Amino acid sequence: MNLIKKLALTVSMAISLGASSAAFAEEPASRAAGHLEQALAEIAKHDFNAAYLHEKAARGASDEITGNHEIVQKGLASIIKAQILGKQADTENVITELKKAIAAYKSI
């Protein structure tokens, strides 16, 4: 009976560790998408400085993403374009680029 309890405990620990490591791997992508959504909200208020800070935080979070290199590079390219366009106060194109980046990070 002790053997069965130990086996069940070991299996449940292995499953929980596997699930937590998978969630940890996806966390930077969801953090990046969250920052980009907050940047969109700031742009809606025409606060490009606050949006820039969220975009910068999203770039930092995307550096932590492992795997999916092509998707991350597309997302980063869109963030960089959005930052450049934000300095020019080009609202429509900034929103377009941020939406592209959000879609990229949510697909991970």
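1. Basis. The model is predicted: local features need pLDDT of at least 70, side-chain atom pairs count only at pLDDT 80 or more, and totals for chains, interfaces and linings use all residues. Residues are numbered from 1 along each chain as its sequence is written, and side-chain values use heavy atoms, with hydrogens and water left out.

2. Overall fold. The protein has four helices and zero strands. Its pattern along the sequence is α-α-α-α. Helices (H or I, at least four residues) and strands (E, at least two) are DSSP runs, numbered from the N terminus.

3. Burial and surface. The protein has 108 residues, and 31% of them count as buried. Buried means under 20% relative accessible area, exposed over 50%, and partly exposed in between (1.4 Å probe, protein chains only). The accessible surface is about 6900 Å², with 61% belonging to carbon and sulfur atoms. Areas come from the Shrake-Rupley method with a 1.4 Å probe; for residues, only the protein chains shown count as cover.

4. Contact range. Take the contacts between residues at least 6 apart in sequence: 64% of these join residues at least 24 apart. Contact means heavy atoms within 4.5 Å.

5. Helices α2 and α3. Helix α2 spans residues 48–63 and helix α3 spans residues 69–87. They pack at about 160 degrees, with axes 10 Å apart. Therefore α2 is roughly antiparallel to α3. Axes are lines fitted to C-alpha atoms, for helices over the stretch in contact, and angles run from 0 to 180 degrees between N-to-C directions. Roughly antiparallel means an angle over 145 degrees; under 35 is roughly parallel, 65 to 115 roughly perpendicular, and the rest oblique. The crossing of α2 and α3 is left-handed. That is, the near helix is turned anticlockwise from the far one by less than a right angle; clockwise would be right-handed.

6. The α2/α3 contact. From α2 come Phe48, Tyr52, Glu55, Lys56, Ala58, Arg59, Ser62 and Asp63. From α3 come Val72, Leu76, Ile79, Ile80, Ala82, Gln83, Gly86 and Lys87. By class, the contact of α2 with α3 has eight nonpolar, three polar and five charged residues. Ala, Val, Leu, Ile, Met, Phe, Trp, Tyr, Cys and Pro count as nonpolar, Asp, Glu, Lys and Arg as charged, and the others, Gly among them, as polar.

7. Helices α3 and α4. Their axes come within 8 Å and cross at roughly 160 degrees. So α3 is roughly antiparallel to α4. This crossing is left-handed. On the α3 side, the contact includes Ile71, Gly75, Ser78, Lys81 and Leu85. These and others meet Asn93, Val94, Glu97, Leu98, Lys100, Ala101, Ala104 and Tyr105 in α4. The contact of α3 with α4 divides into 11 nonpolar, four polar and three charged residues.

8. Positive phi. Most residues other than glycine have a negative phi. His46 has a phi near 60 degrees, a positive value. His46 sits in the loop between α1 (2–44) and α2 and is exposed, at 57% relative accessibility. Ala89 also has a positive phi, near 60 degrees. Ala89 lies in the loop between α3 and α4 (91–106). Ala89 is partly exposed, with a relative accessible area of 44%.

9. Thr66. This residue is in the loop between α2 and α3. Thr66 is exposed, with a relative accessible area of 60%. Thr66 and Ala29 are 37 residues apart in sequence, and their C-alpha atoms are 9.5 Å apart.
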